[in-house]
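Hello,

Here is the structure I promised to send over.

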Amino acid sequence: MMSPADLARRAAPVFACIGLLAIWQIASLALKNDSFPTAIEAIRAIPDILGDKEALINILASLRRMAIGFGVAVLFSIPLGLLMGRSRAVAAFFNPLLMIIYPVPKAALMPIIMLWLGVGDITKTLVIFLGVSLPVIYHSFEGAKAVEEKMLWSGAAMGLSPLQRLVRIVLPAALPEILTGCRTGLVLALITMITSEMIARQSGAGNILFNALDMGQYDTVFAMIIIVGAMGICLDAAFERIRARLVRWSEPQFDLPLSFS
Amino acid sequence: MKVVPSRSSEWVRPVTPQKPASAIIEIDHVSQVFQTSSRRDHLALSDISLTIEERAFVSILGPSGCGKSTLLYIVGGFVSPTSGAAKMKGKAITGPGPDRGPVFQEFALFPWKTVFGNVMYGPRQQGVRTAEAEAQSLALIEMVGLKGYENFYPKELSGGMKQRVALARTLAYHPEVLLMDEPFGALDAHTRTRLQNDLLNIWERDRKTVLFVTHSVDEAVFLSDKVVMMSKSPGRIRQVIDIDLPRPRRRSELLLDARYQEYVVDIERMFDESDEAGSPP
Ligand SMILES: Nc1ncnc2c1ncn2[C@@H]1O[C@H](COP(=O)(O)OP(=O)(O)O)[C@@H](O)[C@H]1O
Ligand SMILES: [Mg+2]
């Protein structure tokens with residue numbers, strides 16, 4: 001049984017999407033601009049893209065690079081962030097390096113990386129890796145720093161070695177914060193994925209998008225934007241489910257849905 | 001006939017025959033200096049020497065900031081003293097170990113583990129067989145009065161219940177010495193009284209050595225065989241008082257006991273005097 005409040009909560013995102021599409025449709029009809037197709041035209045182009053084998057291969061190639069870039073970044077960044085959070089020496093060494101990399105748009109590094117590694121998968125995956133790493137390192141660092149010292153002492157008294165404490169106390173204790181970083185990282189992975197394909201055309205979802213733009217196929221351009229947006233929403237929702245499951249113990253209330261009433 | 005108790009039944013052993021007292025912890029001319037960020041060096045502990053006998057319940061009593069926690073951390077091996085040394089059974093303490101089990105005012109439970117998971121943590125780490133560890137942990141949870149709460153997360157427990165879990169978690173790996181740092185300091189008066197009674201009941205079963213930090217005079221007198229009075233700036237031992245009251249003790253009975261009242265009043269007077277002596281003109 002769903003209460004009216006529950007129903008409203010579930011339906012709200014759908015209404016938001018419909019509202020957005022309606023505004024788009026009206027704006028496009030009002031502007032009468034060739035490069036601004038109506039929402040309906042864009043949506044009509046979606047099945048054409050998803051039905052095209054070439055396009056699907058491109059999109060899957062994008063997703064593969066994104067998954068690898070994201071996965072490697074997470075596996076690299078969590079241990080680094082945790083070590084930085086627990087050791088002043090490690091933090092003092094890596095902090096300046098990260099401070100230099102932090103404000104640089106990762107895509108701006110692409111031309112240089114392309115000179116070294118070519119325009120292939122490695123370059124694009126590396127850029128995704130760079131984009132994901134920083135938020136994950138930062139949140140892992142903050143999470144590890146905040147771990148209560150007495151908790152580590154309790155572990156030490158039980159006989160846990162420093163490495164065991166890092167893996168079996170610092171990691172789980174910092175997990176809520178780490179996963180917040182991973183969630184940001186996931187969205188950044190999608191963004192850097194598209195930007196990297198804009199700079200190094202060859203394959204991928206970004207390639208379809210920008211080729212269509214060059215050829216003036218604006219309905220395809222906007223259809224791709226919708227597809228990329230939908231991918232983002234789905235990935236984020238899937239990640240959020242996993243996250244909520246992993247850190248249920250840290251949520252203030254169990255099984256109490258958010259309510260605005 | 002001599003029966004060697006198995007590990008699992010160690011803590012349920014009824015009353016232990018009284019052995020002649022022997023030193024388990026020796027604190028030998030320990031001083032601790034802290035670098036304060038703004039001011040110069042701060043002498044938190046000054047030349048502390050103290051011997052704690054096996055199976056004794058010893059309280060360290062003193063005003064806030066006199067170095068009680070620091071002294072306990074040194075015995076725990078969490079802090080190494082600037083000078084002097086602490087020894088456990090004749091061996092220098094160089095770090096934490098399962099022979100000394102801490103219980104902190106802040107509980108310091110593992111929030112991602114259930115009550116059961118927290119209590120199981122130590123035995124698992126020590127490689128106790130799963131079935132045995134489980135049986136022991138369940139029995140300990142029952143002993144601290146939390147039967148039925150095994151699958152609760154710390155977030156779902158009150159302060160008093162959290163401290164019961166923390167005590168069970170520490171008892172689960174059979175430390176020879178319990179190091180308790182104002183364990184009931186964060187609890188309301190009613191809960192505190194109940195936990196004091198329960199702690200004594202649990203302690204009566206196997207009479208582990210307990211080093212108990214508190215700033216409450218009546219808590220120290222009620223629980224202890226010996227009260228170590230400390231004074232502030234620098235942290236020093238003022239006096240060590242033997243509390244000669246019969247056991248088992250119950251708080252409701254003890255409050256009416258003239259000797260108990262005398263101990264409390266005497267100790268409070270001594271602190272008053274030192275406060276007057278120590279205050280600037
Ligand atoms: N890590 C530390 N760094 C600097 N000063 C400290 C540190 N730990 C304790 N102190 C100082 O040492 C003194 C004793 O502290 P503590 O042992 O916590 O006292 P108590 O437990 O009796 O309240 C206090 O003045 C405190 O500010
Ligand atoms: Mg203290």
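One definition before we start: a helix here is a DSSP run of H or I with at least four residues, numbered from the N terminus. Please also keep in mind that this is a predicted model.

**Helix α5 of chain B**

Let's begin with α5(B), which covers residues 189-206 and so counts 18 residues under that definition. From its first C-alpha to its last, α5(B) reaches 27 Å, close to the 26 Å expected at 1.5 Å a residue. At the start of this helix, a side-chain oxygen of B:D188 comes to within 3.2 Å of the backbone nitrogen of B:H190. Just after the helix, B:R207 has a positive phi of about 45°. Which residues of α5(B) are buried? They are B:T191, B:L195, B:Q196, B:N197, B:L199, B:L200, B:I202, B:W203, B:E204 and B:D206.

**Where the two chains meet**

In the contact between the chains, 24 residues of chain B touch 21 residues of chain A. The area buried between them is about 2,000 Å², and carbon and sulfur atoms give 66% of that.

As for polar links, nine residue pairs are in polar contact between chain B and chain A, counting residues at pLDDT 80 or more. On the side of chain B that touches chain A, the elements giving two or more residues are β6 (100-104) and α2 (115-125). By class, that side has 15 nonpolar, four polar and five charged residues.

There is one salt bridge between the two chains. It pairs B:E106 with A:K150, whose closest N and O atoms are 2.9 Å apart. B:E106 sits in the loop between β6 and α2 of chain B, and A:K150 in helix α7 (residues 149-157) of chain A. Are the two partners buried or exposed? B:E106 is partly exposed at 37% relative accessibility, whereas A:K150 is buried at 14%.

**Other salt bridges**

Over all chains, the structure has 20 salt bridges. In chain A, the side chains of A:E240 and A:R183 meet at 3.0 Å, N to O. A:E240 belongs to helix α10 (residues 218-246) and A:R183 to helix α8, so this pair ties together parts that are 57 residues apart in sequence. Both count as partly exposed, A:E240 at 23% relative accessibility and A:R183 at 30%.

In chain B, B:E132 and B:R129 form a salt bridge at 3.7 Å, N to O. B:E132 is partly exposed at 23%, while B:R129 is exposed at 58%. Shared partners also link salt bridges into one network, which joins A:R183, A:D236, A:E240, A:R243 and A:E251.

**A buried threonine in chain A**

A:T192 lies in helix α8 (residues 162-199) of chain A. It has a relative accessible area of 10%, which is under the 20% cut-off, so A:T192 counts as buried. A polar atom of its side chain is 2.5 Å from the backbone oxygen of A:L188. Leaving aside residues up to four places away in sequence, A:T192 touches A:K106, A:V127, A:I128 and A:G131.

**Backbone points to check in chain B**

Most residues other than glycine have a negative phi, and most peptide bonds are trans. Here are some that go the other way.

- B:H29, in strand β1 (residues 23-35), has a positive phi near 50°; this residue is partly exposed at 46% relative accessibility.
- B:A108, in the loop between β6 and α2, has a positive phi of about 55°; this alanine is buried, with a relative accessible area of 1%.
- B:S233 and B:P234 are joined by a cis peptide bond with omega about -5°; B:P234 is in the loop between β9 (226-231) and β10 (236-242).
- B:R247 and B:P248 are also joined by a cis peptide bond, with omega about -5°; B:P248 is in the loop between β10 and α7 (251-254) of chain B.

How values were computed: Residues are numbered from 1 along each chain as its sequence is written. Chains are lettered from A and ligands numbered from 1 in the order in which they are written. This is a predicted model: local features need pLDDT of at least 70, side-chain atom pairs count only at pLDDT 80 or more; totals for chains, interfaces and linings use all residues. Side-chain values use heavy atoms; hydrogens and water are left out. The expected span of a helix is 1.5 Å times one less than its number of residues. Buried means under 20% relative accessible area, exposed over 50%, partly exposed in between (1.4 Å probe, protein chains only). A polar contact is a pair of N or O atoms within 3.5 Å; within protein, one must be able to donate a hydrogen and the other to accept it, and residues adjacent in sequence count only if both atoms are side-chain atoms. Contact means heavy atoms within 4.5 Å. Buried area is the accessible area (1.4 Å probe) that two parts lose on being put together, summed over both. A salt bridge is a side-chain nitrogen of Lys or Arg within 4 Å of a carboxyl oxygen of Asp or Glu. Ala, Val, Leu, Ile, Met, Phe, Trp, Tyr, Cys and Pro count as nonpolar, Asp, Glu, Lys and Arg as charged, and the others, Gly among them, as polar.
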